[in-house]
2 protein chains.
Amino acid sequence: MADKANKLVREITSMNDDFAQWYTDVVKKAELIEYSKVRGCMILRPNGYAIWENIQKNLDAMFKKTGVENVYMPLFIPESLLQKEKDHVEGFAPEVAWVTHGGDEKLEERLCVRPTSETLFCDLYSKIVHSHRDLPKLYNQWCSVVRWEKTTRPFLRSAEFLWQEGHTAHATKEEAIERTIQMLNLYADFLEQYLAIPVIKGQKTDKEKFAGAEDTYTVEALMHDGKALQSATSHYFGDGFAKAFEIQYTDKENKLSYVHQTSWGMSTRIIGALIMVHGDDSGLVLPPNIAPTQIMIIPVAQHKEGVLEKADQIKKALENSGLSVKCDVSEKSPGWKFSEQEIRGIPLRLEIGPKDIEKGTATAVRRDTREKTEIPFDALETQIPILLEKMQSEMLERAKKHLESHIYTAATYDEFKELIKTKPGFVKMMWCGDEACELKVKEDTTATSRCMPFEQEKIGDVCPICGRPAKKMVYWGKAY
Amino acid sequence: MADKANKLVREITSMNDDFAQWYTDVVKKAELIEYSKVRGCMILRPNGYAIWENIQKNLDAMFKKTGVENVYMPLFIPESLLQKEKDHVEGFAPEVAWVTHGGDEKLEERLCVRPTSETLFCDLYSKIVHSHRDLPKLYNQWCSVVRWEKTTRPFLRSAEFLWQEGHTAHATKEEAIERTIQMLNLYADFLEQYLAIPVIKGQKTDKEKFAGAEDTYTVEALMHDGKALQSATSHYFGDGFAKAFEIQYTDKENKLSYVHQTSWGMSTRIIGALIMVHGDDSGLVLPPNIAPTQIMIIPVAQHKEGVLEKADQIKKALENSGLSVKCDVSEKSPGWKFSEQEIRGIPLRLEIGPKDIEKGTATAVRRDTREKTEIPFDALETQIPILLEKMQSEMLERAKKHLESHIYTAATYDEFKELIKTKPGFVKMMWCGDEACELKVKEDTTATSRCMPFEQEKIGDVCPICGRPAKKMVYWGKAY
């Protein structure tokens, strides 16, 4: 049994041997995605899509509590509309897919497949915003977007991906900035509470900000290999788009003013983070709060009288307590089933065999620590939710420790280069605010500025890169 | 007040004067959609999208109970993949949008934006189906599709629309046919239970079936103006696609066999049906089981002490009972608020003013019948769910009566032509099975065969169109 049991797992490369290959193996073995015949586009299989469905359900509920309403905008953007905001079109035009023909007819104007929908939302707002009574508009959409990437990796970079994009319009600058930060905090809370992923919150430098934004804010997470992953962003647009699209409203004194706007988004990329923050050499490890299946019941010696009946009875009882449970009654060996449950990252395994039934207990095995707990049948409904809660908070604690223990401080540029080279993680270093220094860091080390954190520290007075006065403390790192 | 109250409504054309204009007015006034700068593409505004979200939530739960799993397939289909099944490509190629460029580069192969995803699902199944143990595959996706329509109408016909498409693969023909019918029945149940729309179930003639299907089944609904609307379809493919895409599995005797497939879908078109089955001259009327907001509380004389507090208290109590409630505390007049609630089709209005508070009652007004009920505050939580249930079932009953009273029988072709001309609705007539007779009916009357109903009747022995022996009784009608 042990032989078969580990066959599936043995096909996963160890993360210490080759992290990139480990990632690809996990994604395939856990049946999250399948490659398609379309360059750079991937298929989200049931195991992968179910994670996104859960992310969507929970994040959407958080959005709605803050007054956000969902809409659906067209897939296509006419070329002339994309061109209305100068910085925006420059940022996106090189990587869009162009529709030129409808059926046999050549279109009069090319349409791009949306890479993001600022221009469509602005066009809508210019039609439906007239008075201060029409504000704020707090719209969001869940959809797919297309960016013609040359190199692609499952979840992390693909020509098409799923995301949500929120777009808001406000009467005042203050209100728009408040919403920008509110949504960034909401993402950070969601990532901590559901995905057990701790983040660094901060602002992007001008070089790294969104095309057309005045300010871009980000939440940055640290992967197991010490590389950073931008997990969600929130942008403050000022009235730049409003002026380009003439989105004006009459205020209480009947004066015409431009609206102030924001946008914010999180994508299926975050599933890549989920894998790389929590996964191990046996596969995926899903936090209980986001796992599509929280408990897999595996009957042992299921041909013996009473085993399947008991398993089914327990399944129903747990489902009635609001838990998400499956029971693997296939003809595979228990060892094989164990391996499959582990690869897929199902948080808790519940083993039930004839001996357990005799004793009146089931054995619960945590996916993350493999810790075993014997639980009396009549205590399952109370004990399992506690166990899952404990697992969730311990997963977050472990990820926090990993993050905190991989943050370094550089006082000199030599120290910085040495740390970036030898220590996977974030390096904190002062910065003068000049893009030239960011470019130099990238050239010397391949690391980029991840963010100027909200929690600033003063490491020194000068920018160690150029020696001029320092303006900000920046988190630097290699990133996905 | 009465003046203002009816201003909004007066802008809706009466359905008896001009049904098409009434429809367009309702769609715009209820703020369901907004037109976009992209030809044939519409924007689903919050009121419209929220209906689709509720449809999705409830229909998806019904799918999942039957074992269906959700996935996400690429937006694009390479031209060579679309061409693999001959009938399929002939049906769809003339109406697809073609992507020819990615950024500045011309693509080696054109990609079409999916008009439907049979070819992508088949390509996936050919990779992941190997053994009988891999079957059945019961996949579904929620997405948007594009068909380059020349003339468009909100919800009913647009270049891009939202839908779900289920695609299944089975070991046997019997199992695939069973699934085809199961999903058709599921659609009919959903339409009755949630949308209060009764339907005729039946099979499409060869002329009307899906490109690539062996058999297409449909549920046909009747709109208020007597025109039919195909509300959902379910297709049996046999092994045609399996042969084109080489989807084979080894059975228990280790023999290679082709799978048998189905597909089935419902789209945002159904929101058009919802409007045209239940709407009236004051706007939308939403069945309580699908209404995003079930109850609108409207405070009367809200500046008076205690009114807003009481309204809010009742809102919270009703929400705690699982109802979806909003309270309109804007500065508009109550009459204006009444009109808005009516236009948007919110099932129940709850009026609360100082006099009501004195009496300890609120006035509930049903949107469909405008019937008023005084309900003591302490009975609201028990009475309102009963009222909503009653409204739901009476809406279905009314729609059933409308359907049944608009079904006619024609024994001769002259009688048929007279009925189609003078009586909006379905006409039952026998048919020989020859496409030529269908074409003649269409030419003579613009009506089409809607379906060969499961509940067959024998009206006569011959096809009244050509005089040859009759094979089937067919429902005919003009359709959206």
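**Close-up 1. Aromatic pairs in the predicted model.** Over all chains, the structure holds 36 aromatic pairs. Here, rings of Phe, Tyr and Trp (its six-membered ring) pair if their centres lie within 6.5 Å; planes under 30 degrees apart count as stacked, over 60 as edge-to-face and the rest as tilted. Take B:W52 and B:W142: their ring centres are 5.8 Å apart and their planes stand at 70 degrees, so this pair is edge-to-face. B:W52 sits in helix α3 (residues 46-65) of chain B and B:W142 in strand β7 (residues 137-146) of chain B, 90 residues apart. Helices (H or I, at least four residues) and strands (E, at least two) are DSSP runs, numbered from the N terminus. Are B:W52 and B:W142 buried or exposed? Both are buried, where buried means under 20% relative accessible area, exposed over 50% and partly exposed in between (1.4 Å probe, protein chains only).

This is a predicted model, in which local features need pLDDT of at least 70, side-chain atom pairs count only at pLDDT 80 or more, and totals for chains, interfaces and linings use all residues. Residues are numbered from 1 along each chain as its sequence is written, chains are lettered from A and ligands numbered from 1 in the order in which they are written, and side-chain values use heavy atoms, with hydrogens and water left out.

Close-up 2. B:F426 belongs to strand β21 (residues 426-431) of chain B and B:Y475 to strand β23 (residues 472-477) of chain B, so the pair ties together parts 49 residues apart in sequence. B:F426 and B:Y475 are buried. In chain A, look for one aromatic cluster formed by A:W52, A:F63, A:W142, A:Y187 and A:W264.

**Close-up 3. Two helices packing in chain A.** Helix α10 (residues 307-320) and helix α13 (residues 380-404) of chain A pack at about 65 degrees, with axes 10 Å apart. Axes are lines fitted to C-alpha atoms, for helices over the stretch in contact, and angles run from 0 to 180 degrees between N-to-C directions. Which residues meet here? A:I314, A:A317 and A:L318 in α10(A) meet A:L380, A:E381 and A:I384 in α13(A), with contact meaning heavy atoms within 4.5 Å.

**Close-up 4. How the two chains are related.** Rotating by 180 degrees, with 0.0 Å of shift along the axis, superposes chain A on chain B (RMSD 0.0 Å). Copies are superposed by least squares on the C-alpha atoms of residues with pLDDT of at least 70 in both. The two copies are thus related as by a two-fold rotation axis. In chain A, the C-alpha nearest the axis belongs to A:V99, 2.1 Å from it.

**Close-up 5. Covered helices.** In helix α9 (residues 269-278) of chain B, 10 of its 10 residues are buried. In helix α6 (residues 118-128) of chain A, nine of the 11 residues are buried, so the rest of the structure largely encloses this helix. Among the buried residues of α6(A) are A:F121, A:C122 and A:Y125.

**Close-up 6. Loop details.** The peptide bond from A:L135 to A:P136 is cis, with omega near -10 degrees. A:P136 lies in the loop between α6 and β7 (137-146) of chain A. A:N254 has a phi near 65 degrees, a positive value in a residue other than glycine. A:N254 is exposed, with a relative accessible area of 64%.
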